Structure formats: C-alpha cells, structure tokens
Amino acid sequence: MTGRDEATELAAALGAESWRPPRVTPLDRRIAVDRDSVERGLASLVLTIVELLRQLMERQALRRVDLGDLTEEQIERIGVTLMALEEQMVGLREHFGLAPEDLNLDLGPLGPLLPTD
C-alpha cells in the first residue's frame with residue numbers, strides 16, 4: 001500500500017469526503033521577498049568570500065617574498081594581479097552599495113572574520 005492509499009483510507013475512516021494533498025504555494029507568495037535586499041545580501045556574502053581569499057593570497061605572497069623564493073618577475077606579476085583584484089573589488093562594492101566594513105562578518109566570540117587593520 002502506498003502513502004497516498006493510506007491517506008485516502010484514513011480520510012475515509014474519519015468521514016472526510018476525499019483526501020487531497022496539501023496545496024503548496026510558491027515561496028514568493030508565502031514570504032514577502034524584497035528582490036533588492038536578497039541581491040545585496042547575496043552580493044555581500046560572495047564579495048566577503050572573495051575578499052577573504054584575496055587577503056589570504058596577499059599574505060601568502062608576502063610570506064613567499066620574505067622567504068626569497070620568488071623571482072622579480074613573479075613578484076611583479078603577483079603585485080599587479082593583487083592590485084587589479086583590489087580595484088575590481090572596489091568597483092563591485094560600489095556597484096552594490098557596500099562599504100568595506102559590510103564585508104566583515106561578526107563571528108561572535110571569535111571576533112570579526114576579516115582583520116580590521
């Protein structure tokens with residue numbers, strides 16, 4: 001016996017006319033969703049992750065420069081790439097109306113996700 005048959009039999013035993021599955025409405029009808037707010041929130045989350053990765057790559061590059069295991073050409077390429085990425089981040093933050101501090105998640109007792117220096 002399938003779940004639907006059991007539901008039909010139970011409905012009949014309880015004197016209900018017929019069993020119908022519950023009506024499910026689309027999410028946007030059940031919850032008032034502000035498209036701009038959702039877009040900005042998603043952009044903030046994605047840019048936070050990108051900013052975290054950018055800062056980690058920058059720190060790793062500085063460590064490798066300090067260790068002396070990069071050529072001058074590699075150092076130049078890394079510097080140019082990191083500067084270009086930072087410029088893109090500034091442009092994306094401006095596009096979505098986000099300030100740099102908007103990308104720093106508060107992790108409660110652990111403190112902020114990104115360093116504030």
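Trainee: Which residues line the largest pocket?
Mentor: The lining is Glu51, Arg54, Gln55, Glu86, Arg93, Pro100, Glu101, Leu103, Asn104, Leu114 and Pro115. A pocket here is an open set of points on a 1 Å grid over the protein atoms alone, where a 1.4 Å probe fits, with protein on both sides within 12 Å along at least five of seven lines. Lining residues have an atom within 4 Å of a point.

Trainee: Which elements give two or more residues to that lining?
Mentor: Those are α3 and α4. The largest share, three residues, comes from α3.

Trainee: And how much space lies in the largest pocket?
Mentor: About 210 Å³. That volume is the space filled by probe spheres set on the grid points, which are joined across faces, edges and corners.

Trainee: Before I go on, what kind of model is this?
Mentor: It is a predicted model, where local features need pLDDT of at least 70, side-chain atom pairs count only at pLDDT 80 or more, and totals for chains, interfaces and linings use all residues. Residues are numbered from 1 along each chain as its sequence is written, and side-chain values use heavy atoms, with hydrogens and water left out.

Trainee: Fine. How many helices and strands in the chain?
Mentor: Four helices and zero strands. From the N terminus the order is α-α-α-α. Helices (H or I, at least four residues) and strands (E, at least two) are DSSP runs, numbered from the N terminus.

Trainee: What should helix α3 span?
Mentor: It covers residues 35–67, which is 33 residues, so at 1.5 Å a residue it should span 48 Å. The expected span is 1.5 Å times one less than the number of residues. The end C-alpha atoms are 48 Å apart, which agrees.

Trainee: What follows α3?
Mentor: Glycine 68, with a positive phi near 80°.

Trainee: Which residues of α3 are buried?
Mentor: Ala43, Ser44, Leu47, Thr48, Glu51, Arg54, Gln55 and Ala61. Buried means under 20% relative accessible area, exposed over 50%, partly exposed in between (1.4 Å probe, protein chains only). What covers them includes α4, residues 72–96.

Trainee: And how much of the chain counts as buried?
Mentor: 15% of its 117 residues.

Trainee: New topic. How many salt bridges does the structure hold?
Mentor: Six. The cut-off is a side-chain nitrogen of Lys or Arg within 4 Å of a carboxyl oxygen of Asp or Glu.

Trainee: Which residue does arginine 54 form a salt bridge with?
Mentor: Glutamate 58, with the closest N and O atoms 3.0 Å apart. Both lie in helix α3, four residues apart, about one turn. An α-helix has 3.6 residues a turn, so residues three or four places apart point the same way.

Trainee: Is arginine 54 buried or exposed?
Mentor: Arginine 54 counts as buried at 6% relative accessibility. Glutamate 58 is partly exposed at 30%.

Trainee: What about arginine 77 and glutamate 73: which element do they lie in?
Mentor: Both lie in helix α4, again about one turn apart. Elsewhere, salt bridges that share partners join Glu51, Arg54, Glu58 and Glu86 into one network.

Trainee: Where does arginine 40 pair up?
Mentor: With aspartate 102, closest N and O atoms 3.6 Å apart. That pair links distant parts of the chain: arginine 40 is in helix α3, aspartate 102 in the segment after α4, 62 residues apart. Arginine 40 is partly exposed at 37%, and aspartate 102 is partly exposed at 34%.

Terms used:
Contact means heavy atoms within 4.5 Å.
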